[in-house]
Amino acid sequence: MRTILITGPGGSGRTTLAAATALAVAAEGSRTLVLGADRTDTLGAALGVPTGPKPVEAAPRLTAWRPDPAGDFRRDLAALQDRASSALDLLGASRLDPEELTPLPGAGELALLRALRDAALSETYDTLVVDLPPAPEALALLALPEELGRYLRRLLPPERQAARALRPVLGRLAGVPMPAEWLYETAARWDVELGAVKAVIADRGTVVRLVAEPGPAGGDALRTARLGLALRGLRTDVVVANRVLPEASPDTWLAGPVAQQRKTLEEWRESHDVRTVAHLGRDPRGTDDLTALAVPGAGQPAPAADWTVTDRLDTDGVLVWEIPLPGAIREELDLVRRGDELVVTAGAFRRVVPLPSALRRCTVDGAALREGALRIRFAPDPKLWPQDR
């Protein structure tokens, strides 16, 4: 299954282009689902068909769906209260009724991730198009499964479940109650669910498509998004330049904006596969307008920028781990080695990554940023490295 995740700076028209992309893919003969994330029905406004918690047919071979965060939140909290009923009764706590619950911040993001996972695993569709939030929120959303999974494994390590039979004894010895069984079961279930979402995002058939309006603000947002995606190791396919003004126009006041767009597009084409979408002179509404935009369908993803380890032990006595970070600035980079993990900070983004097995037996010997790639040198630790090497 192919998955196209679409994002861009706020106001760039990403929802409209997500709808147009889904329509173009469906016209190619692919069974397509487009997912919306906005609380208001901007996706339905673009398609000309109201969307909501139940999937609706928007065009031949095209289904549109906008998950309901409030409903998911109520069901999840009700299930959690049922599993923790004994603890709640012991504390004398009164349960919350579903009617009095309102979703907490973040419920919308979790609902979208769950819908993405369910759609990818359903085998009902050939292509999934997801209208993500604006780029900063989208990058945090795509990082969420990995980060939450890491937090769960740190707070409730799976190996501790092997001592289930000892927990009552340990509780009496320590004088404090040990975590209940349902807590570990819930953590294990969440870990599986987060792992499924992470697998969909990291799948080779998943790409991120960036939408931006050519200009200084769009250029800045594009550079930031590109760096954040690279740090996460996510693939991109094309950059869609939206609302491109006509070169030949009788309106003289358009000369300045047209020249600015032309210059920005030339800069973008030096490092991106850029596709342009013309300005219709109005807000696109309905399938006819979306078809007139002539957006690209499902293209080929760019090859993944792998984080490779190069063996230079014979020449320089080090192993070099290369991390592609296009657009990174040396002054905004930070590295921290913590046990078997490396904390990489690039601008506003941070990621904690496990070290490859060979590098865990090494010490950090230095790092350098050149030509959009961070190269970290690791020297073998004599206490841990095989002596015959």
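Biologist: Leaving aside its neighbours within four places in sequence, with which residues is threonine 3 in contact?

Modeller: In this predicted model, threonine 3 belongs to strand E1, which covers residues 2-7. Its relative accessible area is 2%, so threonine 3 is buried. Neighbours within four places in sequence aside, the contacts of threonine 3 are Leu128, Val130, Gly205, Thr206 and Val207.

Biologist: Is leucine 35 buried or exposed?

Modeller: Leucine 35 is found in strand E2, residues 32-35. Beyond its neighbours within four places in sequence, leucine 35 touches Leu43, Trp65, Pro67, Leu112, Ala115, Leu116, Leu128, Val129, Val130 and Asp131. Buried means under 20% relative accessible area. Because the relative accessible area of leucine 35 is 0%, this residue is buried.

Biologist: What distance separates the C-alpha atoms of leucine 35 and proline 67?

Modeller: Proline 67 is one of the residues in contact with leucine 35. The two are 32 residues apart along the chain, and their C-alpha atoms are separated by 7.8 Å.

Biologist: What share of the contacts between residues at least 6 apart in sequence joins residues at least 24 apart?

Modeller: The protein chain comes to 11 helices and 15 strands, and buried residues make up 44% of its 389 residues. Among its contacts between residues at least 6 apart, the share that joins residues at least 24 apart is 69%.

Biologist: How many of the 14 residues of H1 are buried?

Modeller: Helix H1 spans residues 14-27 and reaches 20 Å from its first C-alpha to its last, close to the 20 Å expected at 1.5 Å a residue. Just after H1, glycine 29 takes a positive phi of about 105°. H1 is largely enclosed by the rest of the structure, because the number of its 14 residues that are buried is 13.

Biologist: Where in H6 does a kink lie?

Modeller: Helix H6, residues 135-155, has 21 residues and an end-to-end reach of 30 Å between its first and last C-alpha, close to the 30 Å expected. The kink in H6 is about 45° and comes shortly before proline 145, at leucine 144.

Biologist: Which residues are in contact with arginine 150, leaving aside its neighbours within four places in sequence?

Modeller: Arginine 150 lies in helix H6, whose buried residues include Ala138, Leu141, Glu146, Glu147 and Arg150. Its relative accessible area is 15%, so arginine 150 counts as buried. Apart from its neighbours within four places in sequence, arginine 150 is in contact with Arg338, Glu341 and Val352.

Biologist: How are H5 and H6 oriented to each other?

Modeller: Helix H5, residues 107-122, packs on H6 at an angle of about 85°, with the axes 10 Å apart. Glu109, Leu110, Leu112 and Leu113 of H5 make this contact with Leu141, Leu144, Pro145 and Leu148 of H6. By class, the contact has seven nonpolar, no polar and one charged residues. Angles of 65 to 115 degrees count as roughly perpendicular, and H5 and H6 are therefore roughly perpendicular.

Biologist: How are H6 and H9 oriented to each other?

Modeller: Ala135, Leu139 and Leu142 in H6 meet Ala225, Gly228 and Leu229 in H9. By class, this contact of H6 with H9 has five nonpolar, one polar and no charged residues. The axes of H6 and helix H9, residues 216-231, come within 10 Å and cross at roughly 5°. H6 and H9 are therefore roughly parallel.

Biologist: What is the phi of glutamate 123?

Modeller: Most residues other than glycine have a negative phi. Glutamate 123 is placed in the loop between H5 and strand E5, and this residue is exposed because its relative accessible area is 68%. Its phi is positive, near 60°.

Biologist: In which loop is the place of glutamate 371?

Modeller: Glutamate 371 is a residue other than glycine with a positive phi, near 50°. Its relative accessible area is 81%, so glutamate 371 is exposed. The place of glutamate 371 is in the loop between strand E14 (362-370) and strand E15 (373-380).

How values were computed. Residues are numbered from 1 along each chain as its sequence is written. This is a predicted model: local features need pLDDT of at least 70, side-chain atom pairs count only at pLDDT 80 or more; totals for chains, interfaces and linings use all residues. Side-chain values use heavy atoms; hydrogens and water are left out. Helices (H or I, at least four residues) and strands (E, at least two) are DSSP runs, numbered from the N terminus. The expected span of a helix is 1.5 Å times one less than its number of residues. The bend at a residue is the angle between axes fitted to the seven residues ending there and the seven starting there. Buried means under 20% relative accessible area, exposed over 50%, partly exposed in between (1.4 Å probe, protein chains only). Contact means heavy atoms within 4.5 Å. Axes are lines fitted to C-alpha atoms, for helices over the stretch in contact, and angles run from 0 to 180 degrees between N-to-C directions. Angles under 35 degrees count as roughly parallel, over 145 as roughly antiparallel, 65 to 115 as roughly perpendicular and the rest as oblique. Ala, Val, Leu, Ile, Met, Phe, Trp, Tyr, Cys and Pro count as nonpolar, Asp, Glu, Lys and Arg as charged, and the others, Gly among them, as polar.
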